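Please open the model in a viewer and keep the sequence panel at hand. The stops below proceed by selection, each followed by what is to be found there.

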Amino acid sequence: MMRKLMMAAAMLATTALTAHADDVKEVQMLHWWTSGGEAAALNVLKQDLATEGYTWKDVPVAGGGGDAAMTALKAMVAAGNPPTASQMLGYTVLDYAEAGKMGDLTETAVAEGWDKAVPAALQKFAVYDGKWVAAPVNVHSVNWLWINKAVMDKIGGTEPKTFDDFIALLDKAKAAGVTPLALGGQNWQEATMFDSVVLSTGGPEFYKKAFNDLDEDALKSDTMKKSFDNLAKLKTYVDPNFSGRDWNLATAMVINGDALVQVMGDWAKGEFVAAKKVPGTDFLCYRFPGTDGSVIYNSDMFGMFDVPDDRKAAQIALAKATLSKSFQSAFNVVKGSVPARTDVPDTDFDACGKKGIADLKAANEGGTLFGSFAQGYGAPPAVANAYKDVVSKFVHGQITSSDQAVDELVKAIDDAK
Amino acid sequence: MALTTATHPDRPSAAGIQPSRSMRARMQDALPKLVLAPSFAITLIFVYGFILWTIYLSFTNSKAFPKYVLTDARAYQRLWRWTFESDPPSSWYTSITNMGIFGVLYIAICLGLGLLIAILLDQKIRGEGLLRPIYLYPMALSFIVTGVAWKWFLDPGLGLEQTLHQWGWTSFHFDWIKNKDFVIYTVVIAGVWQASGFVMAMFLAGLRGIDSEIVKASQIDGASTFQLYRRIIIPLLRPVFLSALIVLAHMAIKSYDLVVALTSGGPGGSAWLPSNFMYEYTFKRNEMAVGSASAVIMLATISAIIVPYLYSELREKAR
Amino acid sequence: MSAALAASRRTPGSSIVPRIVIYGLLIFFALIYLIPFFVMLVTSLKTMPEIQQGNMLALPKAPTIDPWIRAWGEACVGLTCEGIHGYFWNSIKMVVPAVAISTILGALNGYVLTKWRFKGHKLVFGLMLFACFIPFQAVLLPMATVLGEFGQIGKALTNATGFAFGFGNPTVNLVFVHVVYGLGFTTLFFRNYYEAFPTELVKAAMVDGASFFQIFRRVLLPNSLPIIVVTVIYQFTNIWNDFLFASAYAGSGDVMPMTVALNNVVNTSTGVVEYNVNMAAAMIAAMPTLLVYVLAGRYFVRGLMAGAVKG
């Protein structure tokens, strides 16, 4: 017994004695893109860096839409040992920057002309206190409908232009015995859909006031109440088993023709593409009715940490490669999103991608590009999650009326601010 | 307690004979404490030190990262307010009521089922060696592994309900996992499945350890099997009940993965337990002060339950 | 051996009918306990179309071991698609020392707390036992800070001597963390076991002039097998299955333990979820713990019986 234990101790000692690896030419990357398409897209980046002599140290932590990864990140940063970069969302970047944990890429950004190429709305999160702290990878847009074309043809539906059109279309599907609306009953999915509902119900000005500026009058207005009523209407078109369903299973329902439509961000397109479906012939992408001309966005960013000087070269190489036009195009074609810089040619993108790029450009110029509240681009995590709580409780019946929902929303947001 | 004297058997002879001998004796005296010291020091620092750190943070304004400027008790004020918000239920209200439901049912059913199976298995069963690992294996698996299987099984569209519908029982209805009022009971089901085998093993060990003379004596008195168990055997298992209670209580409090893997929080967050609340607020919502305050309340509640028990148990030993 | 069984045997009326009821109940419970395992097993042997259309409890129509092969050697964990077999070694490297060290320390602590008592031993034990109840989420960040300090020491040592002596190594960090938070349990197990161990034997050895460690090695350890089995099983499964610490302190591909790798395989954020591969991966990852329980199950009960359950 003792001898065995001694052996174990000896084994520990040998592992312990391995000398420190040379991490100067190494890019440590924390992310939660562990599945097929995304991982393949990220591999492009890995290879780009390899040609410049940098090795890739993968730190993948999947699960919960990045929750586990963010916990791991916090532990790494608390230990004073941050990765070179990490996949991050919106206000999280700013939180880390405020805590003084982020690096400074301004020199590279100026040299590469990021200020001009990257939409101002994204720069709000990639630039803190005048310094570039993150490299945006893509722009996702949330206010989309994803429709199965075969089902659409069968029920004789056309593109809905208003919310009432949309309800009429859902009624048709219901009459034909198809599940009209595919929804995953998890709080972020419900809130993501509600983002679109609010934009559709109240218009761009209202959305910005309520969900980006957190204006209390807008939050407790009748328009917000009506938005909740509209959400309640949509809920009646959902199948009874929706609760807890993952978003990609809801997408699969549309792909397989079990459901007509899903309201989801453009990452859903990645699922259609992975299933070898073609836009226009197999599926349709429309803007959420009544939101044409506006884009609710969120963006994956690579937050760049304050690493020791000898690791900075690798970090700069990663940042440059991330915002290179070739990577922006290659990655986003697979991911379903659109490039984070507006000067990337759209030649490799499919019809939905081309529309997404054009919409983003127009919205950026027209001032109708808004951060998604549900995705953490409208307010800090504390507030955004308070919002998701209220929407989810409304959908699942803990909150029983739109009056109560509005009261709760105001109270919860105020409490979390 | 007679043992204490055993610690110094050689002291009288050692005293004052030779200085070196006395040194050795003193070394012998100090050695046990030296052996224990590292473990105790580690516990003090990494458990109690961290508890103090958490208490400190709960009185700050810490958000994404710890801030060390004391502010006020706002975190506790918020929790206190949330404790009474039941319509609509605040996340904290849901968490603590769920803890009550889950804690009581989980511990009670695990104890009851564990005892029942242990008693059944103790009836000289052929194939005990085959059956026992079947009851025990769930304990060996993490919920990252079994969560998916349970989620499927409880899903009305995929699992039990659909299967029975396919087999012709179309009126069967079981959608607890989708129902905000019942989802916590599915967490109980999965939790009991995981832990009851372990409790069974503890009871089985307890049953096997009972002195057969006592049982024989009571049989001569003409007690029936039922009476035998109720009056004699189960009371004799009291220490096992208490040990099992400790094990189960600590698992109930730490049941975080269970909720996440099975329900991802449940409809509208209706399956949350306090550990989920703490994790959410500390890591996801960047409200570290609130997360810390909830951890402090959890620990205070646990100590209110456990410390009196430990105290009485350890006192009793002293007699 | 069993008193209870003797009882039921001799009770009038314990004829064939109660036996059927007993066996019936036991088999009924066994079937229920087996359902999740059964679901995982049959799913891992099905093709994806069959999973999507079929009944989850149905046997596979055309069993295939392809998912197992994919899980073993091809499934993607982040950007590397070499299956999960490579992560066994990472886990073993971490679990074996952690279990060994926490068990040895637990045994020594139990020995001191029962046979070499000192003033305040109950308080010490009480404090160590209560430590079992601390929620791990609450220690995640302060512990990370401490481990970060270890990393600094490691760097200084590397500069001075060329070796870090384990400071800052993620695997060593995990071993440390698991030893720290396992001590309460191991101490509890051994203390309760040694509590029942005859003190006369220890006294006799003392009179013979045996030293502290000699008594431990020659008198207690040889009689500790049952409780060592219990402790090792308990610690092994807990540490093997830990995800929280592993993902926070050892998330990078080269040191990632099995549970983190499995989590990355199972939690795909996009693409078709390959349930069959996931289930196969899950079962492969659980193999060591399952094996330990099935093989050592008998000793487990025996070990519990030998003292662990005595309050």
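Is G203(A) buried, exposed or partly exposed? The model is a predicted one. Select G203(A), which lies in helix α10, residues 187–212 of chain A. There are 16 other C-beta atoms within 10 Å of this glycine. A residue counts as buried with 20 or more such atoms and as exposed with 12 or fewer, so a count in between is partly exposed. G203(A) is therefore partly exposed.

**Chain A: two domains**

Colour chain A by domain. Domain 1 comprises residues 27–140 + 298–365, and domain 2 comprises 143–297 + 374–416. Their C-alpha centres are separated by 27 Å. In the contact between them, domain 1 of chain A contributes 25 residues and domain 2 of chain A contributes 21 residues.

To view the domain 1 side of this contact, select α2 (36–51), α4 (91–98), β7 (138–141), α16 (325–335) and α17 (351–366) of chain A, the elements that give two or more residues to it. Of these, α17(A) gives the most, with 7 residues. Coloured by residue class, this side of domain 1 of chain A shows 9 nonpolar, 11 polar and 5 charged residues.

**Chain A: strands**

Now show the open sheet of 4 strands in chain A, whose order is β14-β7-β12-β15 and whose pairing is mixed. Both β14 (338–339) and β15 (369–371) of chain A are edge strands with a single partner strand each, so one side of each has no neighbour in the sheet. Within the sheet, β7(A) pairs with strand β12, residues 295–298 of chain A, in the antiparallel sense over 2 bridges. To locate this pairing, select S141(A) and its bridge partner in β12(A), Y297(A).

Move on to strand β11, residues 283–287 of chain A. F283(A), C285(A) and R287(A) form its covered face, while L284(A) and Y286(A) form the uncovered one. Strand β8, residues 144–148 of chain A, runs antiparallel to β11(A) and is joined to it by 5 bridges. Select L145(A) here, whose bridge partner in β11(A) is Y286(A).

**Chain B: two domains**

Domain 1 of chain B covers residues 3–58, and domain 2 covers 92–318. The C-alpha centres of these two domains lie 38 Å apart. Their contact takes 5 residues from domain 1 of chain B and 7 residues from domain 2 of chain B. On the domain 1 side, 3 residues are nonpolar, 2 are polar and none is charged.

**Chain C: a helical chain**

Bring chain C into view. Chain C contains 14 helices and 0 strands. Its C-alpha trace spans about 80 × 75 × 30 Å along the principal axes. Of the 311 residues in chain C, 60% are buried. Among contacts in chain C with a separation of 6 or more, 72% join residues 24 or more positions apart.

Select the spans that an unreviewed UniProt entry annotates as "transmembrane region" in chain C: residues 20–42, 94–112, 124–147, 175–194, 215–236 and 279–301. Two of them may be examined in turn. Residues 124–147 of chain C are 79% helix and 0% strand, with end C-alpha atoms 26 Å apart. Residues 215–236 of chain C are 82% helix and 0% strand, and their end C-alpha atoms lie 27 Å apart.

Display chains B and C together. Here 84 residues of chain C are in contact with 93 residues of chain B. On the chain C side, helix α14 (residues 275–308) provides the largest share, 15 residues. The residues on this side of chain C divide into 60 nonpolar, 17 polar and 7 charged.

Which residues have the most contacts inside the largest nonpolar core? They are I84(C) and A281(C), in a core of 339 residues. Helix α9, residues 183–208 of chain B, supplies the largest share of this core, 17 residues. Finally, centre the view on A281(C). Apart from its neighbours within four places in sequence, A281(C) is in contact with A71(C), A75(C), I84(C), L262(C), V265(C) and V266(C).

Key
Residues are numbered from 1 along each chain as its sequence is written. Chains are lettered from A and ligands numbered from 1 in the order in which they are written. This is a predicted model: local features need pLDDT of at least 70, side-chain atom pairs count only at pLDDT 80 or more; totals for chains, interfaces and linings use all residues. Domain bounds come from an automatic or database domain assignment. Two residues are in contact if their C-beta atoms, placed from the backbone, lie within 7 Å. Ala, Val, Leu, Ile, Met, Phe, Trp, Tyr, Cys and Pro count as nonpolar, Asp, Glu, Lys and Arg as charged, and the others, Gly among them, as polar. Two strands pair if DSSP finds at least two bridges between them. A nonpolar core is a set of buried Ala, Val, Leu, Ile, Met, Phe, Trp, Tyr and Cys residues joined through C-beta atoms within 7 Å. UniProt positions are given in the numbering used here, feature names are shortened, and annotations may be inferred rather than shown by experiment.
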